[in-house]
Amino acid sequence: VVIGGGLAGAGLARDLALRGASVMLLEKLDWGAGASGASSGLLPGTPRQLEIDPESARAALQDADDIMRIGGHLVHRCVFLVPVLAGDGTGYERMSSALETYDRVQPRKAARPHMYLAAGEARRLEPGLPADVSAAFLWEEWSIDPHRLVWANVLDAVRSGARAVNHSRVEALLRDRGAVIGLRYRAPDGHRTEVRARVVVNATGAWAAESAALAEVDVGLRPFRCAQVVYDRRISNFAISTEAVDGRHLALVPQTGHTFLGSTEEDHYGDLDALGVRPEEVDYLVQGVDRAFPGIRRHRPLWAVAAVWATLSARSDARHGVGIVDHAARDGVEGLFTVVGGQFATYRRTAEAAANTVCARLGLHARCATAARLLPGASGAAPPIHELVAEHGISSLAAEGLLARHGSETPAVLQDARRGRLACRCQALTEAELAWAVGSEQVRTLGDAFRRVGLAGGPCAGGSCVERAAEVLGHELGWSPSQRREAARDYVIEAWRNRSPVLDRWGWAQEELAYGTRRGWPGWL
Amino acid sequence: VTGLWRRLRRARSPNGVGPSPPASADEVEITYFEDRLSPLTASERAQMPAISRCINCGLCALVARRLGGVRPPDLAAAYLRDVRRMPAARADLSWIDPGSAALAAAAAACPVGVPLEECVAMMRRWAAAP
């Protein structure tokens with residue numbers, strides 16, 4: 001049994017299932033609802049990382065290449081532009097030599113060598129740069145939709161024989177003479193189930209100490225907190241990397257339909273389940289990027305998100321931030337492992353290393369297949385946009401979104417011909433896809449639908465779509481009218497936590513409008 | 001081709017070593033042609049913050065239900081969130097008349113001043129890209 005439905009847990013469950021192990025994956029919230037989903041989705045081994053930790057940077061580059069091959073439909077090229085500004089710690093010479101070194105490893109992930117631009121040319125390409133820019137460097141990374149990557153791993157694990165259950169909290173680890181022999185979890189309907197397992201893997205990220213404590217084992221963690229601001233559209237041509245006032249590297253990364261500004265990074269103390277972004281974190285990020293992209297303050301942020309990840313606090317336990325702890329050897333508790341600290345870009349390698357350890361304990365002699373087997377949607381040719389438009393009567397924009405999320409499996413999503421109508425107009429999300437996500441992708445709440453298919457991720461922030469989406473989910477899940485209203489209300493309250501730190505005057509006007517339209521609802525707020 | 005050109009240029013430097021010569025904006029545009037990283041024009045960039053004010057309230061749709069095949073709020077709230085999508089969405093946009101009275105009426109109805117006429121001009125320019 002693997003506990004934790006982030007990228008680490010999902011990747012490990014997929015790896016073990018492909019090796020023929022009998023696997024169960026449990027997640028207390030939704031797939032990718034923690035730190036994995038809050039990632040900007042970059043698959044880097046950046047020049048800076050190459051300077052600080054060459055070995056893990058090279059591993060990240062190699063794994064990025066593997067991820068691009070197995071999940072090609074989810075991956076997009078992300079071209080970075082780094083302006084050289086007066087007062088930067090990273091000057092022309094340092095940047096130039098770092099990128100010369102980086103060029104030697106870039107071919108591992110099919111990226112081109114860097115380019116150097118004079119000031120005028122840089123401003124021609126990115127007119128949002130400040131007038132005092134003296135030069136700029138340009139290099140390539142790859143980015144991926146983090147929520148879809150997590151789900152693709154879960155789905156492939158399920159297709160390989162694993163059982164995956166979300167919204168199910170582990171309440172206890174079952175013990176026999178000190179050894180962990182299984183666990184008890186609580187399903188969303190309140191039903192409690194006991195599962196026996198030869199091995200339990202704790203892959204719960206920052207919650208690993210909490211989970212290990214169920215077996216009376218202490219896992220010393222150092223949790224880090226990251227915050228990001230998300231804008232409603234692509235606001236720059238290139239991803240822009242710059243230094244904040246304290247020298248920290250910040251990045252403005254445009255993804256399809258959004259721009260991510262991040263991130264802060266500091267030690268986290270306090271409740272892991274009550275993360276909110278502080279206004280000063282938003283101010284820090286906006287101020288930090290303002291000197292490289294002065295127009296940033298005129299754009300409208302949609303929400304801000306905070307996430308916590310962790311490394312093992314004892315250096316002896318962790319190598320390059322990744323720790324695979326065998327509690328039998330360390331604490332005398334048989335049957336329990338803890339995996340902590342993998343990077344987003346190296347999740348597949350981390351999962352492979354953890355699966356090797358688990359398989360050695362299980363006596364399973366099978367080789368890792370995760371680098372060779374394609375993720376769902378990546379095998380076979382995807383239909384062209386015009387064919388989907390002609391056949392299903394959907395807009396080109398909706399077809400493009402479907403292909404980006406489902407790849408070659410898109411036609412199966414559109415089987416229900418009656419549902420070409422859009423459920424979420426900003427995201428061009430069809431009712432067919434939303435219904436598919438409920439039936440085939442374990443969507444149980446509107447928040448799940450946001451993670452799986454991007455519901456309410458656009459400029460209206462759910463103001464014009466949550467009610468209709470609740471109707472679609474309610475129809476599929478058999479909700480009563482009051483349950484549908486409650487689902488919409490729960491989503492708005494959940495989203496408010498991330499919206500409130502970034503609201504400007506337009507955002508407040510939007511919230512007032514949304515509140516006004518719902519004021520007549522019984523029991524609303 | 002670009003990589004080969006850069007290597008040739010570097011080979012012509014006195015020692016065959018040292019920093020690469022600066023690339024031109026045209027070279028970058030050619031290199032990333034398939035990624036559609038062409039820059040917005042100055043006027044398009046100036047319009048972006050105003051376009052970003054759209055909250056999909058739907059008031060424009062009350063005065064002009066459809067512009068060609070597109071609902072007016074979708075211009076700023078969906079299509080213009082990434083101009084690089086425009087060539088793929090060409091079919092959706094081909095029936096919009098940039099000079100129509102309906103478009104002007106929809107723009108006049110917008111409570112936050114989203115420049116819908118400029119939106120259409122921008123979308124048509126990007127949709128026409130090869």
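A polar contact is a pair of N or O atoms within 3.5 Å; within protein, one must be able to donate a hydrogen and the other to accept it, and residues adjacent in sequence count only if both atoms are side-chain atoms. In this predicted model, local features need pLDDT of at least 70 and side-chain atom pairs count only at pLDDT 80 or more, whereas totals for chains, interfaces and linings use all residues. Residues are numbered from 1 along each chain as its sequence is written, chains are lettered from A and ligands numbered from 1 in the order in which they are written, and side-chain values use heavy atoms, with hydrogens and water left out.

Across the interface of chain A and chain B, 21 residue pairs are in polar contact, both residues being at pLDDT 80 or more. Six salt bridges also cross this interface (a side-chain nitrogen of Lys or Arg within 4 Å of a carboxyl oxygen of Asp or Glu). One of them pairs Arg77(A) with Asp35(B), at 3.0 Å from N to O. In total, 51 residues of chain A are in contact with 48 residues of chain B, contact meaning heavy atoms within 4.5 Å.

Next come the nonpolar cores, sets of buried Ala, Val, Leu, Ile, Met, Phe, Trp, Tyr and Cys residues joined through side-chain atoms within 4.5 Å; buried means under 20% relative accessible area (1.4 Å probe, protein chains only). The largest core has 67 residues, and Leu117(A), Leu138(A) and Leu183(A) have the most contacts inside it. Apart from this core lies another, of 47 residues, including Leu397(A) and Ile51(B).

Definitions and conventions. Buried means under 20% relative accessible area, exposed over 50%, partly exposed in between (1.4 Å probe, protein chains only).
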